[in-house]
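Q: Can you walk me through this one? I'd like to start with how the strands are defined and paired.
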Amino acid sequence: QVQVVESGGGLVQTGGSLRLSCASSGRIFRIVAVGWYRQAPGKQRELVALIRDDGSTNYADSTKGRFAVSRDNAKNTVYLQMSSLKPEDTAVYLCNAKGYYSGSYDPFDSWGQGTQVTVSS
């Protein structure tokens, strides 16, 4: 019963910027990690960026220096700031939240529906 919703995708020109949001809601006690993934036609899904509850982050080599992940814990929202966008960044971007349910403290692993990012050349 944890819902994850991505937003902020759209069409942008090469070199432009977008900020994606990943909002989690439901019976959440604690979110321990949020990962941004992307999947383009004909390619495997790949991890783009990861942020943990201690604030540490990881990035794919192809996005280092261009993408930045951050979080607002009070809003259960994680952001992916994307700059210097390239056509090869075009993909459906998906958010995955891992944490623990309130009450039971059982773990959850929830995916959003994805948001389309298209970078035109």
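A: Two strands pair if DSSP finds at least two bridges between them. Strands (E, at least two residues) and helices (H or I, at least four) are DSSP runs, numbered from the N terminus. This is a predicted model: local features need pLDDT of at least 70, side-chain atom pairs count only at pLDDT 80 or more, and totals for chains, interfaces and linings use all residues. Residues are numbered from 1 along each chain as its sequence is written, and side-chain values use heavy atoms, with hydrogens and water left out.

Q: Which residue in β8 is the bridge partner of serine 21?
A: Tyrosine 79.

Q: And how many bridges do β3 and β8 pair over?
A: Six, in the antiparallel sense. Strand β8 covers residues 77–82.

Q: What's the strand order in the open sheet?
A: β1-β3-β8-β7, four strands with antiparallel pairing. β1 (2–7) and β7 (67–72) are at the edges with a single partner strand each, so one side of each lacks a neighbour in the sheet.

Q: What does the twist average from one strand to the next?
A: 15 degrees. Axes are lines fitted to C-alpha atoms, for helices over the stretch in contact; angles run from 0 to 180 degrees between N-to-C directions.

Q: Switching to disulfides. How many does a search of the whole structure find?
A: One, where a disulfide is a pair of cysteine sulfur atoms within 2.5 Å. Cysteine 22 is joined to cysteine 95, S to S 1.9 Å. Cysteine 22 lies in strand β3 (residues 18–26) and cysteine 95 in strand β9 (residues 91–101), so the link ties together parts 73 residues apart in sequence.

Q: Is the link of cysteine 22 and cysteine 95 left-handed or right-handed?
A: Left-handed, with -85 degrees about the S-S bond.
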